[in-house]
Amino acid sequence: MKQTIIEFKNVVKEYHIGAGKMKAVDNISFAIDQGEFVVILGPSGAGKSTVLNLLGGMDFATGGEIIVNGKNIVGLMDDALTEYRAENIGFVFQFYNLIPTLTAVENIAVTRNIVRNPMEPKEVLASVGLSGHENKFPTQLSGGEQQRVSIARAIAKNPTMLLCDEPTGALDSETGIVILTLLQKMSRQNGKTIIIVTHNSALAEAADKVIRIKNGKIRETIINENPKKISEVNW
Amino acid sequence: MLFRKMLRDMSRHKTQFLSIFIMAFLAVYIYSGVGGEWLGLRKSADNYYDKTNLADVFLYGSGFSEEDSEAVRNTDHVTAVERRLEIDASAKLDGTPNITLFFVEKNEISSLYLVEGKNFDLNDTEGIWIDKRFADARELSVGGTMEAVYNGFTIEKEIRGLIYSGEYVFDSGGSEMTPDFYTHGYAVLSYKAFPSYDLPVYNTLLVTADESDITRLEESIDHALSGGYSVFLTQENHASVNTFNSEILQHKMMGDIFPVVFFLIALLTMLTTMTRIVTNQRTQIGTLKALGFKKGKIMRHYISYGFWLSLAGALLGIITGPLTLPHLFYPSMSSFYTLPEWTPAFDISFILAAAILAATCTFVTYLACRKLLRDMPAITLRPKAPKVTTHSALEKTRLWSRFGFNTQWNFRDARRNKIRSIMAIIGVFGCTALLVCAFGMNDTMGDLKEWQYNILYQFESKLSIEDTADAEQINKLTDELNGELLMEGAVEIKGSGEKKTGTLTVSDNVTLIKFTDDNRNFIELPEDGVMLTSKMAEILDVSLGDEIRWHIYGNEEWVSTTITAINRDPTSQGITLTKNYLEELGFDFTPTSILTSEMASGKYDGVTSILSISEIVTGWDDFTEAMMLMVYILIAAATILSVVVLYNLGLLSFTEMEREMATLKVMGLKSGKLRSLLLTQNIWFSIIGFVLGIPAGIWLVDIICSSSGESYDFPIKLHLLNLLMSFCITFGLSVFVNLLFSRKIKRLNMVEALKDAE
């Protein structure tokens, strides 16, 4: 039996729009196990990114409980959330968000300022296949390479989970496959919990667990007994 | 519609645009305000000199005849000559104040300026026209009588009018700095009112000329009179004209230099802000282009941002400057200077300065927009390719890897945003320079005051002796007050060529006035020879042991003496010698004042006025009031400058780095670390700007001080404590501005900041 590390219990997120309210996340509950490769699917505006932001401690929930490693993060204040992010979350963004003034290896070395024992930047960079690109600036790298640096930066902290918001959204499909393969490998070989938010339903075939969201509610949760390899997926 | 877009953009970026506006305003405000002030003085004075036909040359001698006058009149380039008798009398009033009487021949040159009463009349033998400021201080009015005594004669005349004189714009009334209108004044009478059956013996020749080559003029006049005069004084060297000119020059200097700093800041703010706005509106520009807007129209739209703002700031400055600033200075100045009118002037150069400012701001805006607008719409519609970062030389050294992330990040960021960095440095530099200048002026003036009135002057009271006082009276006074006798006057000194006017001080074993050398060590007055002040020695190009020739004003006999000592004096330049040596040279010792360490008050026979040291110091403070006012304005301007620049800069870097900040925050970097990241750059720039600003500030002090006139000679001082104070103010402001941003970091909305790459 796998260990449950993430649990959403009746989570609500309301936005105030003028005088009215809008529920971006409406009473959502789900659980994710250690080492799972999870895909959250849904059309744009469905609330999937909000779920990711709530889990990542980037936004405050209006109601419910989000339990990570046995601890409820709903209600934590800014500094406590920052600490939570530092220890547990590795983010991979759609637009990479590398620091343009730092080289590839320096972007990863930033983690030294955040956690006590990060992984060795050069080694992590090698693990995403970018040996020899250490001293290049983001602008000297291709989009796919930048995203790989971004992934390396996320795992260098050795976080509980990687949260990826449309990680291939800005890439061509071939490069996207390379990135997704890398992410799946992280999960399979290193036992990392990886959660990917996307609107590309093709990815569902490769996930351990698929959570479909629409209008702020969960439509269905599917568990794949035999997830495909990324390379086998029919795009 | 585009105009509305501009207004909305401005309100969205109000801090930047407000600061451009403020800087443009301040630059023009100070330039035209101080400009209106000094130019107003210049014009008022010139107008006044013109109206009263102030003499171009004053010749003093023991007596000028009709023939002398005619001879000078016939000299080339001399346009008019008039004779005048000038005598120092004392008025029969409380404390027997000194009154200088002028018996005039025609009242055509250096004529009196009537303020109140009847016009001057040469045939009026019973009338006197007196100095209005003296009259005010003594509550004398037209129709009253005035009695004056000199050489045993008593003159009693009716006051016909109250007047000003172009020769008395500044009237120190002797050796003291401050004019005291209660203790001295002047009056004008017709030569026919002279109390003798003979005509007066004229001791002054007033000359007007159309020759600007003074040396040549002096040569030909000297020839015409065959040397029969003692002093040839040009209008420029006349004490009143000279002092007032120096004051004006000093104000001009400040008004010219300081606006430059604000001007530069306005430009840099404009450049950075517009570059940012245009970059942010890249896709908007692309859309406008795609919609079919002509390039020129879009260009004009963006350029108009810079144009309207700088124009509005400049216009406000040009209107309010001359209306407000001069009136801040004039009241304190009018207690020293007497002018018939105090009117701020307006000059075409103010408009020109405002126009240049607006034009340059507009041009800078053009530079900021040009590149983007050249591109095709298809390119402009795409997001901008990020700026390429390159490795600098420093990064190739081994040292680089030792730097922490903070240092590396900030170093690269500064390199990448050069204009922003330069702007920060110039802002802090300007702030520091202004502060150091302000504190430097303050300390220099304070040091000068301490030196003159605490170290050199050791007396408690100084009593001016009446011209008519006899030896018995003086002896009685010295006994009574335990006093020491001093003779002060003026001399003309000739060194290796040039002739200069200086002060004469003769000491009868005076111990209550000290002398110091360059290093401010006390030195003794030598028994033989003369002691020359170091600045005078420099001007005359002579040194210790050299011979100088000099003569006392009013006496045509030149003597030659050896310089046996050189002293440094902050406020007056000339020679000092002992009573014995003066008498050895064949001159009479006629004491002009008594110094005492006692607090003298009340009435003494034979004394015209009593000045206590605290009154003298108060006079000095009043004299420097205008200067100090300037200092306070500088400090205020420096504060505004640095807050505006640093806030702007903080805002600029914050918005530019918002995405990076958000990324770092999402990764788990604590707010405190983010704050220190921002603070580091701020501190670097503050330090660089501060270090560069110190010499600039001292240079400013030097410029201002060196324009204070030939009789001053003082070193620049800046106390360490005040340097520290400038440092604290600069850094305090820097940290304060940073604190404003830490609140923003705390509230940074990560979700929003990272939403899209636009």
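**Notebook: a two-chain predicted model**

I began with chain B, where the centres of domain 1 and domain 2, taken over C-alpha atoms, are 50 Å apart. The domain bounds come from an automatic or database domain assignment. I noted that the contact takes twelve residues from domain 1 of chain B and 13 residues from domain 2 of chain B. I count two residues as in contact if their C-beta atoms, placed from the backbone, lie within 7 Å. On the domain 1 side, I found eight nonpolar residues, three polar and one charged. Here Ala, Val, Leu, Ile, Met, Phe, Trp, Tyr, Cys and Pro count as nonpolar, Asp, Glu, Lys and Arg as charged, and the others, Gly among them, as polar.

Ground rules next. This is a predicted model, in which local features need pLDDT of at least 70 and side-chain atom pairs count only at pLDDT 80 or more, while totals for chains, interfaces and linings use all residues. Residues are numbered from 1 along each chain as its sequence is written, and chains are lettered from A and ligands numbered from 1 in the order in which they are written.

**Entry: the cores**

I looked up the largest nonpolar core, which has 148 residues. Such a core is a set of buried Ala, Val, Leu, Ile, Met, Phe, Trp, Tyr and Cys residues joined through C-beta atoms within 7 Å. Ala24(B), Ala27(B), Val28(B), Ile130(B) and Ala266(B) touch the most other members. Helix H14 (residues 418-456) of chain B gives this core its largest share, 19 residues. Helices (H or I, at least four residues) and strands (E, at least two) are DSSP runs, numbered from the N terminus.

I then listed what Ala266(B) touches, leaving out residues up to four places away in sequence: Ile20(B), Met23(B), Ala24(B), Ala27(B), Ser310(B) and Cys361(B). A second, separate core has 82 residues, including Tyr96(A) and Met657(B).

**Entry: where the chains meet**

I found 24 residues of chain A in contact with 24 residues of chain B. On the chain A side, helix H2 (78-88) and helix H3 (104-109) each supply at least two residues. H2(A) gives the most, with five residues. By class, I noted twelve nonpolar, six polar and six charged residues on this side.

**Entry: sheets of chain A**

One open sheet has four strands in the order S2-S1-S4-S5, with antiparallel pairing. Two strands pair if DSSP finds at least two bridges between them. Five bridges join strand S1 (residues 4-17) of chain A to strand S4 (residues 63-68) of chain A. I found Phe8(A) opposite Ile66(A) in S4(A).

Another open sheet has six strands in the order S6-S7-S8-S3-S9-S10, with mixed pairing. Its edge strands are S6 (89-92) and S10 (217-223) of chain A. S7(A) and strand S8 (residues 193-198) of chain A run parallel, joined by five bridges. Met161(A) has Thr193(A) as its bridge partner in S8(A).

**Entry: two positive phi values**

Glu166(A) has a phi near 45 degrees. I placed Glu166(A) in the loop between strand S7 (161-165) and helix H6 (173-190) of chain A. Is Glu166(A) buried or exposed? Glu166(A) is buried, with 20 other C-beta atoms within 10 Å. The cut-offs: buried means 20 or more other C-beta atoms within 10 Å of the residue's own, exposed means 12 or fewer, partly exposed is in between, and C-beta atoms are placed from the backbone.

Glu139(B) has a positive phi of about 55 degrees. I placed Glu139(B) in the loop between helix H4 (132-138) and strand S6 (145-150) of chain B. Glu139(B) is exposed, with 7 other C-beta atoms within 10 Å.
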